[in-house]
Structures are given as C-alpha cells and as structure tokens.
Amino acid sequence: PSGKGKRLLQARDITRLHQLEIVRRDFVANVSHEIRTPLTVVHGYVETMQESDTFQGPWKRIIEQMRTQTLRMQRIVEDLLLLSRLETRSSNEGQGIVGVYPMLRGVLEGARQLSGDRGHEILLDADERLRLVGNSHELESAFTNLVYNAVRYTPEQGRIEMRWWLSGSGPCFSVTDSGIGISPEHLPRLTERFYRVDVGRSRESGGTGLGLAIVKHVLTRHDARLVVESEPGKGSIFTCRFPHSRVAS
Ligand code: ADP
C-alpha cells in the first residue's frame, strides 16, 4: 500500500545478475576442466621421478613435496568440478532408490582406512531397511565428506558414530565425533566454499575446503538440510535431515 487507495508495485530486472552468475559458474567449471589434464601430466612425471634413481639426497624431499602438492591440487580440481556439476545439472538426474545401509558399510570401510593406525573407534548404527529416493553418487559423496571430516578433526583414539534412522520428521543421517569441535561463531559460515576454521589444520589433513559446500548442495538437491551442533573440545554432530517424501517404500 502506498498512500490513500494506491498501491506500489516494484519490479527489478535481474537479467544482468543472472548472467553474471552463469559467467561465474562457467568460468570456474572451465578453469577446473582446463587445469585437470596438465595437472595429471605433471603429477605423473613427478611420480616417475620419485621412482627413478636419478634423484637422490635433498631431491627426494623436494619431489615428495611436489607429489603431495600436485595431489592436493588434483583434489581441489575434482571437488570444484563436482560442485559445478551439482550447480548445473537438474536435480532429477540420476535419481533412483538408494540402499543407504550398504552404502554406509562402504563409507565405514573407507573411514577405517583413513584413520589408519590412529586408533579411532568408528561405529555404524543403521536401519537396514530404510531406503531413500535420490542420487546415490551424490549422497555417497556427501556422507563420505561428513564421515571423513569426523576422522580428520578427531584426535587419535577418538570415537565416531554414524547413524541412519527414521525420525518423526523423516529420514536422518548423523555423524557424531568426539573431536576438536567448532566455536559457535563459525557455524553459520561452515558451508561456504573454502571457509575453514583453521586453514593450516585443514590443509595438513588433506582438506580442500569444499567438502561441506558439496554436502550442502547435495542436500538441497534432495530437499534436505544440514544441522550442525558442536562444542569446542567436546565434539560435533552433523545431521542430514530428509523429508518423509524421500522415503522409498
Ligand atoms: P575442509 O576440507 O577444510 O575440511 P570442509 O568444507 O569439509 O573443508 O569443512 C570446513 C571446515 O569446517 C573445516 O576446515 C573445519 O574447520 C570445520 N569442520 C568440518 N567438519 C568438522 C568436524 N567434524 N569437527 C571439527 N571441525 C570441522
């Protein structure tokens, strides 16, 4: 309402904003794609150098660092490509009935390997019959990111538990860890690309800074949301809440 008996209608042309958003998205996708091949070549040669007897003494350490860094770049590129696929593809693509329990068994196995000799206790408590309508690759990638984060941010001998159950509001997947936790001021920004509480720690443990951004995108495409509860020094709970409509009967 605007004045007596009048109404005001406001319209805003967002064409330019929309186009800029497309340009940004395409640029990130193109750069990532272009970098992928040369990086594979460089990484391949670095591995060959590592296996050869030509490089001795201080070269060994230099080459090992080159290998670690090219591997890190490869992981970043793969995550960026995954994110741009999640942004561009229709969310109906690749949808089917997902057996979450067998998927989580695989994630559990991977998490135990990632933990290695750090002695984490990693447990799975899942409803074997509860299945979901969704894209299995995307869901696996989201669940894996959450579980691997728990391993990476939980000190040795810590406890990590995955749960998959049907709550009153719909299917839920949660990962509880006894790790370093997160202060409340960081929580609202965790799913932003490259947002890290501690950059050094993230890099050291092999993080790309894109894991939770991927989780958020995947969940949005499944009408789900991420809830994070955490206390510094005590641990965190990351919960994915799906609506009832996603239960596969
Ligand atoms: P990264 O590759 O850095 O782990 P993510 O997007 O997966 O990137 O996570 C963003 C940041 O959130 C991390 O850098 C870390 O600071 C914090 N974080 C994520 N998961 C946990 C966790 N389980 N415990 C403590 N901090 C976490």
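Colleague: What does the polar side-chain atom of Asn149 lie 2.9 Å from?

Modeller: An oxygen atom of the ligand. Keep in mind that this is a predicted model.

Colleague: How much of the ligand does the protein bury?

Modeller: The protein buries 98% of the 530 Å² that the ligand exposes when taken alone.

Colleague: And which pocket is it in?

Modeller: The ligand takes up the space of the largest pocket.

Colleague: How many residues surround the ligand?

Modeller: There are 21, and the closest are Asn149, Tyr153, Ser202, Gly209 and Leu212. Sorted by class, the shell has 10 nonpolar, eight polar and three charged residues.

Colleague: Which elements give two or more residues to that shell?

Modeller: Those are α4 (136-152), α6 (211-221) and β7 (235-241). Helix α4 gives the most, with three residues.

Colleague: New topic: where does Gln50 lie?

Modeller: Gln50 is part of helix α1, which covers residues 15-51.

Colleague: Why do you call Gln50 partly exposed?

Modeller: Because its relative accessible area is 31%, and partly exposed covers the range between under 20% (buried) and over 50% (exposed).

Colleague: Last one: how many residues apart are Gln50 and Arg61 in sequence?

Modeller: They're 11 residues apart in sequence, and in space their C-alpha atoms are 9.6 Å apart.

Definitions and conventions
Residues numbered from 1 in each chain as written. Predicted model: local features only at pLDDT ≥ 70, side-chain atom pairs only at ≥ 80, totals over all residues. Heavy atoms only, no water. Near = heavy atom within 4 Å. Polar contact = N/O pair within 3.5 Å; in protein donor to acceptor, adjacent residues only side chain to side chain. Areas by Shrake-Rupley, 256 points an atom, 1.4 Å probe, with all protein chains shown as cover. 1 Å grid on protein atoms, 1.4 Å probe; cavity = no way out; pocket = protein on both sides within 12 Å on 5 of 7 lines; lining within 4 Å. Sits in = over half its atoms within 2 Å of the grid points. Helix = DSSP H or I, 4+ residues; strand = E, 2+ residues; numbered from the N terminus. Nonpolar A, V, L, I, M, F, W, Y, C, P; charged D, E, K, R; others polar. Buried < 20%, exposed > 50% of the residue type's maximum accessible area, 1.4 Å probe, protein only.
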